Amino acid sequence: MIRSQAFKDILRKENVVLWCLLAFQAGFINAGGFLACHRFVSHVTGYGSQIGLGFTSEGIWLSLEMMLAPLSFIAGASFSAFWIDRPYYQNRSPKVGTCLIIQSILLIFVFGFGELGFFGEFGEPLVLQRDFILLFSLCFICGMQNAAFACLTNGQIRTTHMTGLSTDLGMNLVRIPFLNVDEREKTYQKRLNWLRVATFLSFMLGSAISAVAFTALGYHGFLVPALTSLIVLFKSYRIMDLHEKEAVSASS
């Protein structure tokens with residue numbers, strides 16, 4: 001349980017690097033999903049609008065099928081919670097490594113099945129059943145990624161959604177000068193805002209590089225987030241090891 005506390009200090013330098021890496025990965029997958037199947041795969045809010053509009057403009061069956069996209073995202077989040085949140089509240093060690101390895105494997109499967117033609121031509125319109133399977137798979141993976149560290153940070157870190165982050169950033173720009181708190185708390189809030197800026201920029205950078213990579217590589221582009229999942233795994237264990245050593249040292 002000591003190791004699982006390593007991510008609570010979200011402003012610690014090692015953790016900030018991890019959040020930026022996760023935001024980069026999220027932006028990469030989101031843009032790659034758009035290029036692959038013409039839908040952003042981490043924007044659940046947009047699906048709500050698409051489903052509603054679809055009932056009048058595109059037909060009830062397409063709308064019902066589109067409902068599976070946010071449900072896939074929710075299923076991915078539940079999957080991460082099963083491996084991380086559930087054992088945490090049972091006073092057992094969260095399976096962070098298991099979750100990240102499975103995420104990497106799923107991305108490799110997307111690449112492999114894509115190259116074998118299971119999803120058809122890269123970038124074809126979202127029409128055939130195989131296109132929807134690709135969309136749902138990527139939504140599931142994004143849900144996994146978003147929930148994995150949301151579980152470990154009490155919901156403070158969500159790297160696939162920039163809407164809430166941007167809202168908090170905007171509110172804090174006004175709040176900070178008028179907060180009736182000491183300078184220490186104001187400094188903390190300012191650091192939180194810089195974290196939000198860094199996360200947002202990392203997401204945009206991932207999206208920009210993704211556009212170039214997927215245009216040139218097609219389904220091979222999914223190997224990049226598969227690799228970053230393993231880098232996140234390695235860095236997460238380094239952070240947990242460091243936290244455990246510090247906790248042992250402080251108690252001795």
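**Pocket, cavity, one glutamine and the cysteines**

Helix α9 supplies the largest share of the lining of the largest pocket, four residues. Helices here are DSSP runs of H or I with at least four residues, numbered from the N terminus. The model is predicted, so local features need pLDDT of at least 70 and side-chain atom pairs count only at pLDDT 80 or more, while totals for chains, interfaces and linings use all residues. Residues are numbered from 1 along each chain as its sequence is written, and side-chain values use heavy atoms, with hydrogens and water left out.

A pocket is an open set of points on a 1 Å grid over the protein atoms alone, with protein on both sides within 12 Å along at least five of seven lines; a cavity is a set of points where a 1.4 Å probe fits but cannot get out, and lining residues have an atom within 4 Å of a point. Grid points are joined across faces, edges and corners, and a volume is the space filled by probe spheres set on the points.

The largest pocket has a volume of about 310 Å³. Its lining consists of 14 residues, and Q156, I157, R158, L165 and D168 lie nearest its centre. Both α8 (163-178) and α9 (183-217) supply at least two residues of this lining.

The structure also holds one cavity of 30 Å³ or more. The largest cavity contains about 30 Å³ of space and is lined by A6, R12, I239, L242 and H243.

Next comes Q145, which lies in helix α7 (residues 129-152). Q145 is buried, with a relative accessible area of 2%; buried means under 20%, exposed over 50% and partly exposed in between, with a 1.4 Å probe and protein chains only. Leaving aside neighbours within four places in sequence, Q145 is in contact with L22, Q25, A26, Q103, T159 and T160, where contact means heavy atoms within 4.5 Å. The C-alpha atoms of Q145 and T160 are 7.6 Å apart, with the two residues 15 apart in sequence. The side chain of Q145 reaches the backbone oxygen of L22 at 2.8 Å.

A search of the whole structure finds zero disulfides, a disulfide being a pair of cysteine sulfur atoms within 2.5 Å. C37 is buried at 1% relative accessible area, and its sulfur is 7.5 Å from the closest cysteine sulfur, in C139, which is too far for a bond. C99 is in no disulfide either, the nearest cysteine sulfur being that of C151, 8.1 Å away.

How values were computed
Polar contact = N/O pair within 3.5 Å; in protein donor to acceptor, adjacent residues only side chain to side chain.
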